[in-house]
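This briefing goes through one protein structure, topic by topic. Keep the sequence and the 3D view open while reading.

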Amino acid sequence: MIRKSPTLALLFAAGAGALYGMLGRWVFSSDTGGSLFGAMSMAFVFLVPFAIGYLTLAVAPDHYLRKTAARVLLPWLSVLLAVFGVWVTGWEGKICVIMLLPVLLPMSNLGGAMAMQLRRRQVGRRLYATSLGSMLLLPYIAAPVEGAIAPNDQLRVVETSVRIRATPGAVWRQIVKVPRIGPDEYGTSLVHRIGFPRPVEATLSHEGVGGVRRASFERGVVFIETVTTWRPDSLLSFTIHADPSTIPPTALDEHVTIGGEHFDVLDGTYAIEPVAPGEVILHLSSTHRLSTRFNFYASLWSDLVMRQIQGNILQVVKHRAESAG
């Protein structure tokens, strides 16, 4: 530990944690770690930030750690430096970074709290070093064990709705085909701000079951939707197919690509429910597949993404149907 300069020791602690985190991202990348490691794993998402926090507070200066705020914020600094590093190098995109931060930061605090417990006990140097080494190796020991367990495929349904002052026919005309959406029609939502593409337009090859809708989103993302239910002025259902190889690499982060290993959207349904003369409730539901070993957390984001995208589409339909009425 660097004793002469507490500030230098502090920077050393934060830098050591950040470098450990960047090294972990490199090792857990699919090309580097092979089949034993993966960035979409519990070992990486939960245990690497835990080890970052442990390392940071294990080597930080005693004087600085007397403050509670420092014990909380210093692990965060290490994590943020690591996240900035993997973002600048292109190892991780903005979407994944934002989605993971709510896990990375508290996990680093848990690791830091364990390091502080050991420091307070004033154990000998050998035990101190052994404990530190064990914590740093923990993600790499857990990863092969976790890798033997297949990810859990989970089908999730997200439903949204909006009340529209228009006839069923007016609403139907706005959902079977969607003319190009102008910038002034877009609503604001978190998922679009962090990088998910907005819908642009939807075309239809022909009316009826078997018709193919081509739904276009920003940055060249296209979904092919095949109509499975066609009830004019009432119900429209379709399957959704996204080919990951046709999605531009700059459109979505690798780990959240639709149609990829971890996430896919399977179908969608519009249902028009008349509730009063000239007034309806438009329901939009979709089914998506989630395939991770931490669906309990990933589902919070996947549901939010689908809900906000659907909500944006419904607002466009509402505005257009009411304006045309």
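**Aromatic pairs**

A search of the whole structure, which is a predicted model, finds eight aromatic pairs.

- F28 and Y140 form a tilted aromatic pair, with 5.5 Å from centre to centre and 40° between the planes.
- F28 lies in the loop between α1 (6–27) and α2 (30–33), while Y140 lies in helix α6 (residues 125–147), so the pair ties together parts that are 112 residues apart in sequence.
- F28 has 0% relative accessibility and therefore counts as buried.
- Y140 also counts as buried, because its relative accessibility is 19% and the cut-off for buried is under 20%.
- Together with F44, the residues F28 and Y140 form one aromatic cluster.

*The pair F46 and F294*

- The ring centres of F46 and F294 are 6.2 Å apart and the planes stand at 75°, so this pair is edge-to-face; the label applies to planes over 60 degrees apart.
- F46 belongs to helix α3 (residues 42–59) and F294 to the loop between β7 (279–292) and α9, so the pair ties together parts that are 248 residues apart in sequence.
- Both F46 and F294 are buried.

**A charge over a ring**

- R213 has its charged end over the ring of F238, at 5.1 Å from the ring centre.

**Helix α5 against helix α9**

- Helix α5 (residues 94–121) and helix α9 (residues 295–324) have axes that come within 11 Å and cross at roughly 145°.
- This crossing of α5 and α9 is right-handed.
- On the α5 side the contact is made by I98, M99, P102 and V103, and on the α9 side by Y297, W301 and V305.

*S286*

- S286 is part of strand β7.
- S286 has a relative accessible area of 5% and is therefore buried.
- Leaving out residues up to four places away in sequence, S286 touches R156, V157, V158, D267, G268, M306 and Q310.
- S286 and P199 are 87 residues apart along the chain, and their C-alpha atoms are separated by 15 Å.

*V265*

- V265 is part of strand β6 (residues 263–276).
- Is V265 buried or exposed? V265 is buried, with a relative accessible area of 6%.
- Leaving out residues up to four places away in sequence, V265 touches I240, I258, T287, H288 and M306.
- From C-alpha to C-alpha, V265 and L290 are 9.0 Å apart in space, and they are 25 residues apart in sequence.
- M306 is among the residues touched by S286, and M306 is also among those touched by V265.

**The protein as a whole**

- The protein has nine helices and seven strands.
- Taken along the principal axes, the C-alpha atoms fill a box of roughly 80 × 40 × 30 Å.
- The protein has 325 residues, of which 50% count as buried.
- Among contacts in the protein with a separation of 6 or more, 67% are between residues 24 or more positions apart.

Technical notes:
Residues are numbered from 1 along each chain as its sequence is written. This is a predicted model: local features need pLDDT of at least 70, side-chain atom pairs count only at pLDDT 80 or more; totals for chains, interfaces and linings use all residues. Side-chain values use heavy atoms; hydrogens and water are left out. Axes are lines fitted to C-alpha atoms, for helices over the stretch in contact, and angles run from 0 to 180 degrees between N-to-C directions. Helices (H or I, at least four residues) and strands (E, at least two) are DSSP runs, numbered from the N terminus. A crossing is left-handed if the near helix is turned anticlockwise from the far one by less than a right angle, and right-handed if clockwise. Contact means heavy atoms within 4.5 Å. Rings of Phe, Tyr and Trp (its six-membered ring) pair if their centres lie within 6.5 Å; planes under 30 degrees apart count as stacked, over 60 as edge-to-face and the rest as tilted. Buried means under 20% relative accessible area, exposed over 50%, partly exposed in between (1.4 Å probe, protein chains only). A charge sits over a ring if NZ of Lys or CZ of Arg is within 6 Å of the ring centre and within 35 degrees of the ring normal.
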